[in-house]
Amino acid sequence: MTWPEEGRRWCLSKKPIGEEIGYKKASVYLFVGLLMVVLVSSAKFDDLYQTSWAFDHVQYDGDTLKLNLDNYSGAGFASKSKYLFGKVSIQIKLVGGDSAGTVTAFYMSSDGPNHNEFDFEFLGNTTGEPYLVQTNVYVNGVGNREQRLDLWFDPTKEFHTYSLLWNQRQVVFLVDETPIRVHTNLEHKGIPFPKDQAMGVYSSIWNADDWATQGGRVKTDWSHAPFIASYKGFDIDACECPASVAGADNAKKCSSSAEKRFWWDEPTLSELNVHQSHQLMWVRANHLIYDYCTDTSRFPAIPTECVHHRH
């Protein structure tokens, strides 16, 4: 993927099934009585994050942070700490109107050429056309695991919550607590899984009109600038990892043992429950528009993880 130069260091119709009567809400991630470690959840930007580039394109409006994109620059922010396992959430209201050519990204990433990364990328579109959400997973520096979907709501009208849940068994991408993607640990099949590199949390807005909208055919209309993405509800409930600590030591520190138990290691979070599995099936059936696993033009041989993944 192509990132803006100033941010390169930081950027390597139908009712959802969750509304069906009789199901419990799928928010099962808080396990009362288990050890919560290191970092307390917060709703304040300054407690968890700092602006990472283009400070003059960042605005504060009460509890809301706004990133601006114009024909001079985009903007971005990064977490003050890195984390290994847990859950990261943020509420975003995306650029309204004609947002073609723009990308708003929310992601976790470690450092270095063999980094791990979990991406939400929100691809702008012309007025009246739906936003597309592209997700991707990098493991040991290898990505090319894109999926794209549209949403069952207009993400420019209200704030919606986007989350990443990460433990030693799975990575779950969630939208308003509905799972839209699961990346499962298949190490027993010889497939690497991201579990030993602490990751920062990042977000940015930038111009990507060479590919973002209809394959780059629709360019950014700068007469509509500034393009503004708004944020609030900053929440991190995860294991904080000091930069001075080695990866193996962080993995040990953030994993459950006989002496300590972490909520993300509970058996109930080792896979989706029945309700969440139904939600994911509904999303894939009604909103998934691209999956690298079925793109035979890119991958004549089906990627190994696609053979074994249930979702």
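Predicted model: local features only at pLDDT ≥ 70, side-chain atom pairs only at ≥ 80, totals over all residues.

Visitor: What makes Asn 167 a buried residue?

Guide: Its relative accessible area is 1%. The term buried applies under 20%, and therefore Asn 167 is called buried.

Visitor: Which backbone atoms does the side chain of Asn 167 reach, and how do you know that these are polar contacts?

Guide: The side chain of Asn 167 lies 2.9 Å from the backbone nitrogen of Arg 169. A polar atom of that side chain is also 2.8 Å from the backbone oxygen of Leu 269. A polar contact requires a pair of N or O atoms within 3.5 Å, one able to donate a hydrogen and the other to accept it. Both distances, 2.9 Å and 2.8 Å, are within that cut-off.

Visitor: Which residues does Asn 167 contact, leaving aside its neighbours within four places in sequence?

Guide: They are Phe 85, Phe 193, Trp 264 and Leu 269. The word contact is used here for heavy atoms within 4.5 Å.

Visitor: Let us turn to the strands. How do you know that β2 and β3 pair?

Guide: Strand β2 (residues 58–61) and strand β3 (residues 64–69) run antiparallel and are joined by four bridges.

Visitor: What is the order of the strands in the open sheet?

Guide: The seven strands follow the order β2-β3-β14-β5-β10-β11-β12, with antiparallel pairing.

Visitor: Why are β2 and β12 said to stand at the edges?

Guide: Each has a single partner strand, so one side of each is left without a neighbour in the sheet. From one strand to the next, the twist averages 25 degrees. For β12, six bridges join it to β11, and Val 182 is the bridge partner of Val 172.

Visitor: Which residues touch the most other members of the largest nonpolar core?

Guide: They are Phe 120 and Tyr 162, in a core of 66 residues. Strand β14 (residues 227–241) gives the most to this core, with eight residues. Another core, of 11 residues, lies apart from it and includes Leu 132, Trp 206, Ala 208 and Trp 211.

Notes:
Residues numbered from 1 in each chain as written. Heavy atoms only, no water. Buried < 20%, exposed > 50% of the residue type's maximum accessible area, 1.4 Å probe, protein only. Pairing = 2+ DSSP bridges. Helix = DSSP H or I, 4+ residues; strand = E, 2+ residues; numbered from the N terminus. Axes fitted to C-alpha atoms, helices over the stretch in contact; angles between N-to-C directions. Core = buried A, V, L, I, M, F, W, Y, C linked by side-chain atoms within 4.5 Å.
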